[in-house]
Amino acid sequence: MNEQAILQELVALLEASGVTVRGEPLGGSGGGLCMVKGKPIFFLDTEAPSIVAAVLCAEAVPKVADIEQIYIKPQIRQFIEDHSNQKT
């Protein structure tokens, strides 16, 4: 699975968890999860390489979803576990 496909899967997981994902030009290495008026928003840096954006998404997914309770494709689950501070 290539980096773009991993990124798409991670974005879909965020959206399925109730997170609004907004693509914004942030200089190539920014972005991440934040709360705005009590609602989770993930800013996806449109200038960042796919792998950088995917790592940021992988760090955010366990913060908004119980990854042990939902189906995640094995390659995506491994990517999350490899790049997340919240190891399962």
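How far is the sulfur of Cys57 from the closest cysteine sulfur? The tour returns to this point at its fourth stop.

The model is predicted, with local features requiring pLDDT of at least 70, side-chain atom pairs counting only at pLDDT 80 or more, and totals for chains, interfaces and linings using all residues. Residues are numbered from 1 along each chain as its sequence is written, and side-chain values use heavy atoms, leaving out hydrogens and water.

**First stop: the sheet**

Select residues 20-24, which form strand β1, then residues 31-36, strand β2, and residues 39-45, strand β3. Helices (H or I, at least four residues) and strands (E, at least two) are DSSP runs, numbered from the N terminus. The three strands make an open sheet in the order β1-β3-β2, with mixed pairing. Because β1 and β2 stand at the edges, each with a single partner strand, one side of each lacks a neighbour in the sheet. Neighbouring strands are turned by 25 degrees against each other on average, direction ignored. Axes here are lines fitted to C-alpha atoms, for helices over the stretch in contact, and angles run from 0 to 180 degrees between N-to-C directions.

Strands of a sheet pair through backbone hydrogen bonds, either parallel or antiparallel. Two strands count as paired if DSSP finds at least two bridges between them. β1 and β3 pair in the parallel sense over five bridges; select Arg22 to find its bridge partner Phe43 in β3. β2 and β3 pair in the antiparallel sense over six bridges. Along this pairing, Met35 stands opposite Pro40, and Val36 stands opposite Lys39.

**Second stop: the hairpin and the enclosed strand**

Select Lys37 next. This residue lies in the turn of the hairpin formed by β2 and β3, which has two residues between the strands, and has a positive phi of about 55 degrees. Then colour β3 by accessibility: five of its seven residues are buried, so this strand is largely enclosed by the rest of the structure. Buried means under 20% relative accessible area, exposed over 50%, and partly exposed in between (1.4 Å probe, protein chains only).

Thr20 is found in strand β1 and is partly exposed, at 42% relative accessibility. Not counting residues up to four places away in sequence, Thr20 touches Pro40, Ile41 and Phe42; contact means heavy atoms within 4.5 Å.

**Fourth stop: the cysteines**

Select Cys34 and Cys57. A disulfide is a pair of cysteine sulfur atoms within 2.5 Å, and by this rule the count comes to zero. The sulfur of Cys57 is 13 Å from the closest cysteine sulfur, in Cys34, which is too far for a bond. Cys34 is partly exposed, with a relative accessible area of 27%, whereas Cys57 is buried at 0%.

Select residues 50-64, helix α2, and residues 74-83, helix α3; their axes come within 8 Å and cross at roughly 85 degrees. That makes α2 roughly perpendicular to α3. Angles of 65 to 115 degrees count as roughly perpendicular, under 35 as roughly parallel, over 145 as roughly antiparallel, and the rest as oblique.

In the contact, residues of α2 including Ile51, Val55 and Val61 meet Phe79, Ile80 and His83 in α3. The contact residues divide into eight nonpolar, one polar and one charged. Ala, Val, Leu, Ile, Met, Phe, Trp, Tyr, Cys and Pro count as nonpolar, Asp, Glu, Lys and Arg as charged, and the others, Gly among them, as polar.

Finally, show α2 together with the sheet: α2 lies across β2 and β3, running at about 170 degrees to β3.
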